[in-house]
Amino acid sequence: MSFTERVLEVKKFLQKTPIFQNILDEQLQALANIAIPQTYKKGETLFWEGDEGTGFFIVKSGRIKVFKQANAGKEQILHIFGAEEHFAEVPALDGGNFPASAAAIENSEVVFIPRKAFLLVLQQHPTLAIAMLSTFAKHLRRLTFLVDSLSFQEVPERLKNYLFTLSDRNGNADIVELDLPKAQLAALLGTIPETLSRAFYKLSQEGIIEMNGAKIHLHRN
């Protein structure tokens, strides 16, 4: 693929992303000119907490987890980003280090927007900054929800909320399948696999869910 073809492909992708969906064509072109497509294999790390914040990322395909890791190795997943979602904008703008780590949980493609080139684009097209403000607001709301969940909800309640959110994403389906391995799900819910297994058992005993292999039947009433 030639450079021109690659830029055109990136431009078409950026146009579909929520953060850049409504910007002017010349602004979109400026972003496409500096964007760098990257691929990561399952389990591969994009960056570690404390690394220099060299830019931000937009997921083209696959899924990326952003997480914190304690000295003992326990992992807390802050969020999992899928196609057309973006992350790591704050260090890209303030010049600080990455405040968390990121890794692919499946083979993934991302578009990397390098910080220095992006700041030059912002100087030339300052209205782009408005799009970034809505991004900060969404991420702040997400982190606030995470803090509330970890602080005030027990693991079974966190699990129930996750399962019903999964159902909502699939058109309020009564039967869902987990989209993460249980170890990753435990890290997302701020617990360990053994406690997660007990939470599944508790929800089953209470009649909230019915498990049949990988499928989970949700009882809403």
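In this predicted model, the side chains of Gln-153 and Asn-161 are joined by a polar contact of 3.2 Å (a pair of N or O atoms within 3.5 Å; within protein, one must be able to donate a hydrogen and the other to accept it, and residues adjacent in sequence count only if both atoms are side-chain atoms). Gln-153 sits in the loop between α5 and α6 (155-169); helices here are DSSP runs of H or I with at least four residues, strands are runs of E with at least two, and both are numbered from the N terminus. Leaving out residues up to four places away in sequence, Gln-153 touches Asp-148, Arg-158 and Asn-161, where contact means heavy atoms within 4.5 Å. Gln-153 counts as buried because its relative accessibility is 17% (buried is under 20% relative accessible area, exposed is over 50%, partly exposed is in between, with a 1.4 Å probe and protein chains only).

A word on ground rules: residues are numbered from 1 along each chain as its sequence is written, and the model being predicted, local features need pLDDT of at least 70, side-chain atom pairs count only at pLDDT 80 or more, and totals for chains, interfaces and linings use all residues. Side-chain values use heavy atoms, with hydrogens and water left out.

Another loop residue, Glu-85, lies between β5 (75-81) and β6 (86-87). With a relative accessibility of 29%, Glu-85 counts as partly exposed. Its side chain reaches back to the backbone nitrogen of Gly-82, at 2.6 Å. Beyond the residues up to four places away in sequence, Glu-85 touches Phe-57, Ile-58, Val-59, His-79 and Ile-80. Asn-97 is twelve residues from Glu-85 in sequence, yet the two C-alpha atoms are 21 Å apart in space.

Strand β5 itself is mostly covered, with five of its seven residues buried. β5 runs antiparallel to β4, and six bridges join the two; strands are said to pair if DSSP finds at least two bridges between them.

A polar atom of the Arg-63 side chain lies 2.6 Å from the backbone oxygen of Asp-179. Neighbours within four places aside, the contacts of Arg-63 include Ile-80, Phe-81 and Gly-82, along with Ala-103, Ala-104, Ile-105, Glu-106 and Leu-180.

Helix α2 (residues 25-34) has Gln-27, Leu-28, Ala-30, Leu-31, Ala-32 and Ile-34 as its buried residues. An α-helix has 3.6 residues a turn, so residues three or four places apart point the same way. The cover over the buried residues of α2 includes α1 (3-16), β1 (36-40), β8 (108-114), α4 (115-124) and α5 (128-152).

Zooming out, the protein has eight helices and eleven strands, and its C-alpha atoms fill a box of roughly 60 × 40 × 30 Å along the principal axes. Of its 221 residues, 43% count as buried. Among contacts between residues at least 6 apart in sequence, 70% join residues at least 24 apart. The protein exposes about 12200 Å², of which carbon and sulfur atoms supply 54% (Shrake-Rupley, 1.4 Å probe; for residues, only the protein chains shown count as cover).
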